[in-house]
Amino acid sequence: LVLDAVAAKNEPEVLFFSDRAISNRDYGAAVQKLIRTLPNDKVVYSSEEILQHLADTENCQVNIPPYPRTLILASNSSILLEIKHARNFLRILSSALIPLSSKFPLHNGQGVAAVLKKKEAIAPSQPSLVLALDRLSDPGNVGTLIRTAAGAGAHAVFLTKGSADPFSPKTLRAGMGAQFRIPVLPNWEWTDIESYSRERGLALIVADGSGDVRHYSYDWQEPSVLVVGAEADGPSAEVLKSADCCVSIPLAEDSAESLNAAVAGAVILFEAQRQRLVG
C-alpha cells in the first residue's frame, strides 16, 4: 500500500523500514529505490517490532488531539493516526506504542510504513463511468466497491454524506490500494452529484432490486453514473426521484431476496465493462 500511495504522488513525510522490506524478493527493490529518492531526514530504519505495531492498527490505538489529515499507512494498508508532523509521530511512537509490545500479539507485516501527505482527489471533467455510493455504511463494502470500480474501468467514486470513510483502516484494507488508483471523493450531497451528472450529460442509473430494467439490458456504452444505495434501506427516495433508469439483477427463484451491496455493484460494473469491451 505504501508503494501504491507513493506511485499515486502522495508525498512521504517519513518512511519507516526494516530488513524485511529491503530483503523481500517481490518488492524489496522497489522499497530500496524509494528510499534512495528521499532525503535522509525522511527515512527511518526501524526494528521489526515497531513496524509490526504500526500494522496492528486495531489494537494499538493512541488518542491525540485532532490535526489536519495526514495518512499513516502501515503494511496492512491501514490508517493509524492523524497527525500534523512526522516528529509528533516519532514522539508518540516512542512514548505510546513501544510499551504496548507485551499486550498485543504481533502480526506478519511487510516491514514498511510511511507517513504521507494525502493528495486531494479531483473529480474528472468528462468521465464515461462513475460509481456513486449513497449512504453505504459498511467499510468492507465501500472498500470492495472502490477496488471493483478501479478494476472495471470507472473514472471516479463519489460517496454521499453518511457513507463510510473511504480512508478508514477497514476500508483501506478492503480496497487493497484502489483508493490511490482512482479518484475517490467523499462527503457529497446528493444534489451536487445530480448537478455534476446533468452538467456532463451523464445518465443516473440506480441499482434497485425492484428496478424494471435488467442490468444487462441497459446500454452501458452511454456515459453513466451507477448509484448503489445503503445496505439496509437501498437508494434514498431523493436518489430514486432523480434516476433516469433503475436496473435490477435477476435472481433465481426461491433464492435470497437480494444481493450484498458490494456484490450487486460488482455484477453491474463488470457488465458495463463487458459491454464496452465488446462494443
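1. Start with the surface: Leu 251, Leu 259, Val 263 and Val 267 make up a nonpolar patch with about 270 Å² of accessible area together. Patches here are built from residues with over 30% relative accessible area and no salt bridge, joining like charges within 9 Å and nonpolar side chains (Val, Leu, Ile, Met, Phe, Trp, Tyr) within 5 Å. A salt bridge means a side-chain nitrogen of Lys or Arg within 4 Å of a carboxyl oxygen of Asp or Glu. Areas are Shrake-Rupley values with a 1.4 Å probe, and for residues only the protein chains shown count as cover.

2. A word on the source: this is a predicted model, where local features need pLDDT of at least 70, side-chain atom pairs count only at pLDDT 80 or more, and totals for chains, interfaces and linings use all residues. Residues are numbered from 1 along each chain as its sequence is written, and side-chain values use heavy atoms, with hydrogens and water left out.

3. Helices (H or I, at least four residues) and strands (E, at least two) are DSSP runs, numbered from the N terminus. With 31% relative accessibility, Val 267 is partly exposed; buried is under 20% relative accessible area, exposed over 50%, and partly exposed in between (1.4 Å probe, protein chains only).

4. Now look at helix α8 (residues 190-199), where Trp 190, Ile 193, Tyr 196 and Ser 197 are buried. Down the axis of α8, the buried residues fall within an arc of 125°, so they line one face of the helix; the arc is taken from the directions from the helix axis to the C-beta atoms. They pack against β5 (129-134), β6 (156-160), β7, β8 (203-207), β10 (224-229) and α9 (237-242), with contact meaning heavy atoms within 4.5 Å. Just after α8, Gly 201 has a positive phi of about 70°.

5. Lys 9, in the loop between α1 (2-7) and β1 (11-17), has a positive phi of about 70°, and Lys 9 is exposed at 64% relative accessible area. Asn 187 belongs to strand β7 (residues 184-188); its phi is near 65°, again positive, and Asn 187 is exposed at 55%.

6. How many disulfides are there? The count is 0, taking a disulfide as a pair of cysteine sulfur atoms within 2.5 Å. For Cys 245, the nearest cysteine sulfur is that of Cys 246, 6.6 Å away. Cys 245 is buried at 14% relative accessibility, and Cys 246 is buried at 18%.
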